[in-house]
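Hello,

Here is the structure I promised to pass on. Please open it alongside this note, and read on for what turned up.

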Amino acid sequence: MTTALAPPPVRMGRAAVAALGMLAISTGALESVVAPTLPLLQRELGMSPAEGALLNIVLAITGTLVTPFAGKLGDRYGGKRVLIRLMAVVSAGGLVSALAPNLPVLLLGQILQGAMVGALPLSFIVVRKHLPAGESKAAIGLVSGMFVGGSMVGLLAAGPVAEALSRHWMFAVPTFAVIGFTLLVNRLMPSDPPGRSDGAGIDWPGLLLLSGILATLMLVFAMAPEAGSQPLVFVTLIAVLAVFVAAWTTVERRAAAPMIDLRMLARPEIWKACVVTFVICLGTAMGVYLVPQLLDASGVGYGFGLSATEIGFVLLPGAVAATLAGPLGGIGERRFGSRVVVTTAAVLMAGALLALSVAHSEVWQIALGKALIALANGLCVTAMVTSIASSVDEGDTGIATSLVLVTRVLGSAVGGMLGGALLTAKTSSGSEIPAESAFTGGFLIAGVVAVLSLLVVRTMNKGVKA
């Protein structure tokens with residue numbers, strides 16, 4: 001009796017790898033166009049600072065929620081099939097953003113664009129199926145580098161395109177590229193058969209309830225500056241948030257394959273990693289939001305009144321620092337251990353934020369502070385992922401890293417929305433320029449929180465297992 005062997009996967013050609021790389025450039029550019037043009041978008045769409053903060057983080061939040069399920073869907077239905085469909089969602093989001101006449105429609109577009117966060121890791125899985133180990137590593141490195149390069153292109157090109165044409169075109173141009181290269185990848189990339197399912201279903205109730213928690217949390221921060229004038233609405237939102245949290249906790253405890261295994265939070269190495277990740281991401285989100293606002297402001301004795309194009313150039317060193325942070329974090333973790341890397345990240349984050357709270361009168365101070373914040377974030381994320389992977393059983397790696405993933409989302413949401421709430425509260429009626437104390441207070445709060453995180457960092461193990 002003979003057993004039929006599955007045919008080996010079809011080898012991916014260089015043209016397919018190149019098309020995947022160009023798709024990465026396009027998605028990277030589309031992902032980064034909001035950051036340098038956020039003040040411009042706020043003026044054109046009549047957004048408050050709190051609403052601007054929501055726009056600034058919604059893509060990352062929705063994308064992070066999609067990521068844990070992308071791999072499962074790929075195993076169930078085939079990697080290429082899911083990748084192409086996710087990129088179709090991204091393309092639809094880009095078109096919605098390009099045509100958006102108001103903030104709600106633009107938010108919808110950004111939510112759809114968030115699928116790109118799950119699509120890119122899925123593309124790495126597909127590459128590994130169709131190339132030998134050495135070539136697949138090179139291809140993954142190429143695609144990763146081109147996504148980062150695309151992000152830098154987006155930072156530099158979004159301002160000129162928006163100012164020369166309109167805000168609509170800064171979304172439309174990279175979206176057209178995404179559509180074109182998605183079609184090319186679909187044509188050139190060989191198909192892969194569905195993999196074996198692990199038998200665990202997808203925790204849709206957990207995903208929906210967690211989405212409700214994040215959405216309600218953002219609404220709470222958006223409403224916070226006006227809580228005194230609308231107390232009933234604010235209290236209702238707090239009650240809804242509490243209900244979502246209680247329901248999500250109950251569902252995750254009972255689920256056969258929970259999105260987040262809450263019982264694992266009891267482990268010291270896990271909750272410590274989550275606390276530090278939350279703090280670092282809070283500081284990062286605060287800096288990512290406040291820096292462009294400060295560069296755009298034209299206050300008396302503060303602000304610079306820069307254009308969207310000029311803001312993109314000031315943000316560029318931060319993008320370069322974020323690119324270097326991953327390799328540097330990996331080298332540092334191997335040589336000195338995770339705790340040293342995390343301590344360095346926390347000190348850099350605290351120092352940069354506290355320095356910005358007192359010294360923000362020169363453009364170079366803003367650029368340096370933003371670069372240090374980006375570097376600290378990258379170092380911490382690298383160390384935390386390595387720490388989690390080395391401190392739990394191999395079978396628990398996915399569950400543990402998903403906890404850190406959700407913590408990153410919560411930290412980013414709280415940091416961004418807190419910055420928006422501060423600017424909204426400190427903007428006088430009839431004025432569009434927040435008071436300087438809003439920027440000073442935001443940087444100071446995030447810096448103090450980063451300093452306090454060192455109390456947790458110092459209790460971590462010294463070695464590779466942090």
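**A glycine in a helix**

Gly-420 has its place in helix H15, which spans residues 397–425. Keep in mind that this is a predicted model. Is Gly-420 buried or exposed? Gly-420 is buried, and its relative accessible area is 0%.

Which residues does Gly-420 touch, leaving aside those up to four places away in sequence? They are Pro-49, Ala-50, Ala-53 and Tyr-289. In sequence, Ser-48 and Gly-420 are 372 residues apart. In space, their C-alpha atoms are 8.1 Å apart.

**The protein as a whole**

Now step back. The protein has 466 residues, and 51% of them are buried. Its secondary structure consists of 16 helices and 2 strands. Take the contacts between residues at least 6 apart in sequence: 81% of these join residues at least 24 apart. The accessible surface is about 20200 Å². Carbon and sulfur atoms account for 68% of that surface.

**An aromatic pair**

How many aromatic pairs does the structure hold? It holds 1. The partners are Tyr-302 and Phe-439, and their pair is tilted. The ring centres are 6.4 Å apart, with 55 degrees between the planes. Tyr-302 belongs to strand S2 (residues 302–303), while Phe-439 belongs to helix H16 (residues 436–457). The pair therefore ties together parts that lie 137 residues apart in sequence. Tyr-302 and Phe-439 are both buried.

Cys-281 is buried, at 4% relative accessibility. Cys-380 is buried as well, at 1%.

**Where to start**

Then go to Tyr-302 and Phe-439, the tilted pair.

Best wishes

How values were computed:
Residues are numbered from 1 along each chain as its sequence is written. This is a predicted model: local features need pLDDT of at least 70, side-chain atom pairs count only at pLDDT 80 or more; totals for chains, interfaces and linings use all residues. Side-chain values use heavy atoms; hydrogens and water are left out. Helices (H or I, at least four residues) and strands (E, at least two) are DSSP runs, numbered from the N terminus. Buried means under 20% relative accessible area, exposed over 50%, partly exposed in between (1.4 Å probe, protein chains only). Contact means heavy atoms within 4.5 Å. Accessible areas come from the Shrake-Rupley method with a 1.4 Å probe; for residues, only the protein chains shown count as cover. Rings of Phe, Tyr and Trp (its six-membered ring) pair if their centres lie within 6.5 Å; planes under 30 degrees apart count as stacked, over 60 as edge-to-face and the rest as tilted.
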